[in-house]
Amino acid sequence: MNRDKRNAKFISPYIGVEPLQGASGPIGRNKNTQGGGRLQGAGFDFQKDISGCGLTGLISKDKKRLSGSHIVKSLCLMNDRGNGLGAGYAAYGIYPDFKDFYAFHVMYDDPSIRFTAEDLLKSNYHIEKIEEIPTSPVKAIPISPLLVRYFIKPLKEKLAGGIEEADFVVNTVMKINSEIDGAYVFSSGKNMGAFKGVGNPKDIADFFRIDEYEGYIWTAHTRFPTNTPGWWGGAHPFTLLDWSIVHNGEISSYGINKRYLEMYGYKLSLLTDTEVVAYLLDLLIRRHGLDIGAACTALAAPFWKNIDAMDGAQKEAVTALRLAYGSALLNGPFSILFGHSRGLVGINDRIKLRPLVAATKDAMVYMASEESAIREICPKPDRVWAPRAGEPVVVELKD
Amino acid sequence: MFDIDAKGVRFGELNASIREAVARGEKEIRVKHVNGQYYIGDGLRGGAVITIEGVPGNDLAAFMDGPTLVIKDNAQDNIANTMNSGRIIIHGHAGDVLGYGMRGGRLHIRGDVGYRVGIHMKGVKKQSPTIIVGGTAGDFFGEYMAGGTLILLGLDEKDAKPPEGAQPLEGGHPLVGDYLATGMHGGVIYIRGEVDKKQCGAEVGVMELDAEDIKALKDALIPYCADFGLKLEDVMKKGFKKLIPVSSRPYGNLYAY
Amino acid sequence: MFKSLAPPEYLATIDQVKCIRCKRCIQNCGWSVYSWGGDKVVIDTQKCVKCLRCYHYCPEEAIEINDNPVKFKNNAYWGFNHIRNLKRQSETGGIPLTGMGSDQPYTILFDHLLIDACQVTNPSIDPLREPMELRTYLGKKPSSVEFEKGGGKPKLKTKMPPQIKLSMPVIFSPMSFGSISLNAQKVLAIAAKECGILMNTGEGGLHEDLLPYKDSIIVQVASGRFGVNPDYLNAGVAVEIKIGQGAKPGIGGHLPGEKIPLEVARARMIPVGTDALSPAPQHDIYSIEDLRQLIYAIKEATNYKPVSVKIAAVHNVAAIASGVVRAGADIIYLDGFRGGTGAAPAIIRDHLGIPIEHAIAAVDDRLRQEGIRNEASIIAAGGIRSSADAAKAIALGADSVAIATAALITMGCTVCGKCYTGNCSWGITTQRPELTARLDPEIYAERLINLVHAWEHELKEILGALGINAIESLRGNRERLRGIGLDAETLDILGVKPAGR
């Protein structure tokens with residue numbers, strides 16, 4: 001059952017205005033109106049968020065770690081693509097001292113909820129370190145959830161039943177996100193992290209002190225949510241394990257993608273269509289063992305017309321992917337960047353309804369909604385091009 | 001020459017100063033250090049020549065009616081949206097949805113263009129818009145085309161290897177994408193090279209050029225070649241194909257009354 | 001014998017001034033309503049079924065068919081059919097028969113569901129200019145696919161189960177030769193082949209005239225086993241085991257000997273003039289494990305063609321469907337209580353089963369809960385009247401719909417519901433040669449092809465409005481449906497939100 005586990009503190013419908021306790025105005029994100037949040041009874045039935053947004057990403061193939069200031073600069077150029085109701089960053093390679101631990105970034109609506117979640121974590125994980133995520137005061141962000149990060153590893157005995165470690169971690173994330181009111185795990189990978197919230201790109205970057213992190217893959221997103229006011233958890237990137245997704249567009253197939261994922265035990269509780277992308281990648285790549293190219297073929301499949309024109313083996317392979325993964329097909333306008341521990345992938349929809357531009361400069365690859373966002377941090381790229389519809393740009397780190 | 005520095009200037013302020021300069025009667029304006037500012041030249045009238053250094057943002061020259069914009073670099077999406085008259089010269093590449101509903105004027109692009117270029121271009125009375133692309137084009141080139149002239153040259157076709165990381169269709173980077181001229185019901189498209197009927201919408205016919213076409217094509221290409229320092233003979237060396245609609249009412253049998 | 005106390009349902013009248021005595025009405029009426037009285041046409045209106053054949057063929061527009069105004073006194077509880085059937089039963093001691101699907105005023109859920117459309121946040125897609133895919137594959141899908149390890153081009157390792165390719169998710173429902181004429185079956189076969197979809201023989205065997213269309217045919221095996229032999233099983237693209245029919249769940253069939261002329265007898269492999277009885281159950285299936293045996297017997301006999309199992313939508317349809325899928329069916333065919341029939345007792349047709357909308361939702365949910373939705377395709381049938389019904393059925397979770405009544409309407413059928421008489425004036429549900437000759441397969445196939453193409457356009461328009469360009473993104477996408485005027489429980493069963501949410 002869907003419960004509203006978010007509450008007023010996470011949302012900032014009017015920047016700088018603290019929502020009233022027990023407010024039941026027209027704003028809320030209750031999945032059903034009997035939800036348990038403080039905004040219950042708001043009568044606003046949330047289905048999924050629609051993101052008209054800007055995104056940008058970069059990767060240093062030779063794993064040179066770059067300060068977050070670059071991606072912030074790139075993202076801020078596209079300020080007008082968002083509306084100040086959400087921005088976020090994901091970075092890989094930022095926790096080299098804890099690279100063997102899952103880095104959980106957790107938002108708490110209220111300090112008291114922290115203990116419930118920590119009880120769960122302590123009884124299942126070895127906890128190497130707990131700390132509040134460092135933030136700086138930003139005038140435009142007067143309120144924020146409590147933000148805590150944990151470097152953890154599942155206890156050996158918990159994996160005795162033969163469950164895969166990654167599955168165990170996914171289950172923990174699903175459990176906290178769907179069952180503990182007011183707690184939300186927004187990052188759960190190793191040596192990577194997501195930082196996001198309600199605010200414009202610059203304010204969120206300042207708030208999280210993004211320029212103090214150094215990573216070899218960065219993605220970022222500015223958000224223009226149209227269905228509801230932003231809430232902290234609703235900002236991009238969306239993550240699961242080391243998958244991180246930033247997305248521009250709308251997943252019009254969300255309804256069936258969601259039901260398909262539910263068949264495999266995923267709980268879709270984050271109130272936005274982008275969530276399905278993270279889980280689909282986890283399912284197709286990690287659990288079903290597809291390589292990234294095949295997974296992209298499943299998610300943004302070629303048209304039958306083109307499949308029919310393929311040669312025997314390729315036709316057979318792509319047909320099988322479309323048949324098996326019809327319910328995973330992402331339909332509707334989108335451009336997506338997804339980062340993972342080994343690289344960065346950009347892809348857009350089958351008829352290219354959202355923009356995506358890519359560029360290279362030496363060992364760097366950049367991808368963004370607009371070329372100017374790339375040129376802002378890479379004025380003279382070696383090559384600039386617009387990827388074709390449905391054809392992924394797959395960039396992998398050098399070993 | 002009147003210079004405007006766009007470095008770090010937001011679009012509202014930048015476009016206001018361009019409008020001011022045009023209103024003041026500046027004939028030649030140079031905008032330096034542009035990067036990503038939207039709406040440059042939107043709704044602008046008169047005969048000014050505006051040179052842009054850098055990458056202008058989306059919605060360049062929407063509703064523009066008269067001026068000439070020279071872009072020295074690449075440009076982004078949604079250029080010449082519902083443009084009425086004037087000239088746009090882009091020395092680099094350009095993005096998706098160019099010349100949407102364009103009713104007049106010329107758009108010259110030296111490099112490649114993205115998806116849905118020349119979409120729903122239309123001519124009316126003496127007005128007839130022209131878009132000329134020097135490189136390659138993506139899918140839906142000339143979609144819904146209702147009038148005007150769309151020319152695709154593929155000048156750099158041989159070198160147009162798919163970029164690193166991209167996974168091209170078999171056969172490398174095509175001159176033009178799929179669904180070519182789908183929904184076309186007016187105007188003419190000239191393509192320098194071969195066109196596979198399978199790429200085209202059901203509404204168009206692919207044919208050879210006659211003498212009149214050659215003349216019209218040359219007339220259109222002369223200013224284009226002048227803009228980019230090309231030789232007309234070189235461009236004309238390779239054969240062209242002509243695409244025109246087979247019906248101005250392609251969907252006559254679609255509905256039951 | 002006194003005159004029946006059940007009044008005629010319809011009054012046929014002829015304007016004797018307009019009538020030119022051409023006698024076309026006499027020739028055209030399969031029910032012998034008209035006869036020649038020497039100087040004018042005489043009418044026996046008791047026999048009239050309002051099929052409108054005479055009306056269409058009267059060159060002078062002299063004929064009018066009206067509902068009989070001399071009905072029983074209006075009564076909201078004791079309806080016309082109640083009283084009339086009681087009269088008929090009192091006169092005959094028999095079970096009143098009906099044809100076609102139930103016409104009773106139960107809630108029609110399709111009419112309480114509305115489809116979403118795009119505005120601003122995602123663009124609608126223009127199906128005339130941009131690609132729009134309706135292609136559908138029926139059959140078991142693997143839950144994941146594996147490729148051979150190693151360099152080079154990807155090579156599939158997973159062995160794909162057999163699939164049937166449809167150009168669009170609409171096929172023709174089973175209708176046997178016997179229940180309908182061979183010409184009607186030919187219309188279906190020609191149209192199916194032309195449109196890239198399927199027709200289904202029903203349980204009456206496969207007439208040799210249909211062999212050129214075998215790649216567009218599902219052959220059916222039902223309890224009567226008519227016309228079934230290894231050639232038959234292998235003739236089509238799939239084999240369907242018929243357990244039940246929406247119009248008469250739990251009921252067998254009875255095609256009387258007088259409707260078994262030579263050709264029907266040959267196709268069914270029975271002697272001319274004998275009754276063709278279809279037992280209520282399949283007597284080799286008394287439980288689910290027996291169904292598995294039959295499914296695998298057929299698979300063995302056909303070198304593993306896909307097997308479909310057709311069941312009527314009954315109360316416990318979700319659990320039954322789950323069992324059917326686990327028994328090895330590649331396709332599960334759900335037939336709702338509105339589904340048509342050539343002949344069924346009215347009392348059964350109008351009071352047994354559940355609507356197809358509930359059945360799709362319940363079955364799709366159940367198969368997902370059990371993680372086996374990919375194991376079989378769902379065909380939904382039983383009252384699909386338009387492409388909108390089809391789109392709604394698919395959004396609820398069906399892979400394809402099947403239509404019968406809608407297809408027959410293109411052949412002239414007016415849904416008069418008297419199929420069981422064998423007198424169909426349109427040559428559809430009759431074996432009388434002078435009537436079946438009216439149905440020229442080539443001509444009527446054109447009409448049916450038109451219908452399929454019109455629905456194809458309409459489905460593409462619906463997808464375009466939804467901003468999706470492949471049918472699989474509509475399938476099971478209940479997020480794009482909203483209910484109006486439905487109670488909370490029904491909405492919950494359908495998995496659909498009320499409009500406004």
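Between which two strands of chain B is the loop where B:Tyr39 is found? B:Tyr39 sits in the loop between strand E2 (28-35) and strand E3 (49-55) of chain B, where helices (H or I, at least four residues) and strands (E, at least two) are DSSP runs numbered from the N terminus. This is a predicted model, in which local features need pLDDT of at least 70 and side-chain atom pairs count only at pLDDT 80 or more, while totals for chains, interfaces and linings use all residues. Residues are numbered from 1 along each chain as its sequence is written, and chains are lettered from A and ligands numbered from 1 in the order in which they are written.

**Residues with a positive phi**

- B:Tyr39 has a phi near 65 degrees, which is a positive value in a residue other than glycine.
- B:Tyr39 counts as buried because it has 21 C-beta neighbours inside 10 Å. A residue is buried if 20 or more other C-beta atoms lie within 10 Å of its own, exposed if 12 or fewer, and partly exposed in between, with C-beta atoms placed from the backbone.
- C:Glu61, also not a glycine, has a positive phi of about 50 degrees. It lies in the loop between helix H2 (53-57) and strand E4 (63-67) of chain C.
- With 10 C-beta neighbours inside 10 Å, C:Glu61 counts as exposed.

**Chain A: overview and a covered strand**

- Chain A has 10 helices and 18 strands, and 60% of its 399 residues count as buried.
- Strand E3 (residues 87-92) of chain A is mostly covered, with six of its six residues buried.
- On one side of E3(A) are A:Ala87, A:Tyr89 and A:Ala91, on the other A:Gly88, A:Ala90 and A:Tyr92, and all are buried.
- In a regular strand the side chains alternate between the two faces of the sheet.
- E3(A) pairs with strand E8 (residues 192-197) of chain A in the antiparallel sense over six bridges; two strands pair if DSSP finds at least two bridges between them. A:Gly88 has A:Lys196 as its bridge partner in E8(A).
- Strand E10 (residues 217-222) of chain A also pairs with E3(A), in the antiparallel sense and over six bridges. Here A:Trp218 is the bridge partner of A:Ala91.
- A:His236 and A:Pro237 are joined by a cis peptide bond, with omega about 0 degrees. A:Pro237 lies in the loop between E10 and strand E11 (238-240) of chain A.

**Where chain A meets chain B**

- On chain A, 26 residues are in contact with 21 residues of chain B; contact requires that the C-beta atoms of two residues, placed from the backbone, lie within 7 Å.
- Helix H10 of chain A gives the most to this side, with four residues.
- The residues on this side of chain A divide into 14 nonpolar, three polar and nine charged. Ala, Val, Leu, Ile, Met, Phe, Trp, Tyr, Cys and Pro count as nonpolar, Asp, Glu, Lys and Arg as charged, and the others, Gly among them, as polar.

**A helix in chain C**

- In helix H7 of chain C, C:Leu291, C:Ile295 and C:Ile298 are buried.
- Seen down the axis of H7(C), the buried residues fall within an arc of 65 degrees, so they line one face of the helix; the arc is that of the directions from the helix axis to the C-beta atoms.
- C:Glu289 and C:Glu300 are exposed on the other side of H7(C).

**A sheet and the cores**

- Eight strands of chain C form an open sheet with parallel pairing, in the order E9-E19-E18-E16-E15-E12-E11-E10.
- Strand E9 (170-172) and strand E10 (199-200) of chain C stand at the edges with a single partner strand each, so one side of each is left without a neighbour in the sheet.
- Strand E16 (residues 331-335) and strand E18 (residues 377-381) of chain C pair in the parallel sense over five bridges, and C:Ile332 stands opposite C:Ile378 in E18(C).
- C:Ile332, C:Leu334, C:Ile360 and C:Val401 touch the most other members of the largest nonpolar core, which has 268 residues. A nonpolar core is a set of buried Ala, Val, Leu, Ile, Met, Phe, Trp, Tyr and Cys residues joined through C-beta atoms within 7 Å.
- A second, separate core of 76 residues includes B:Ala75, B:Phe140, B:Tyr144 and B:Leu243.
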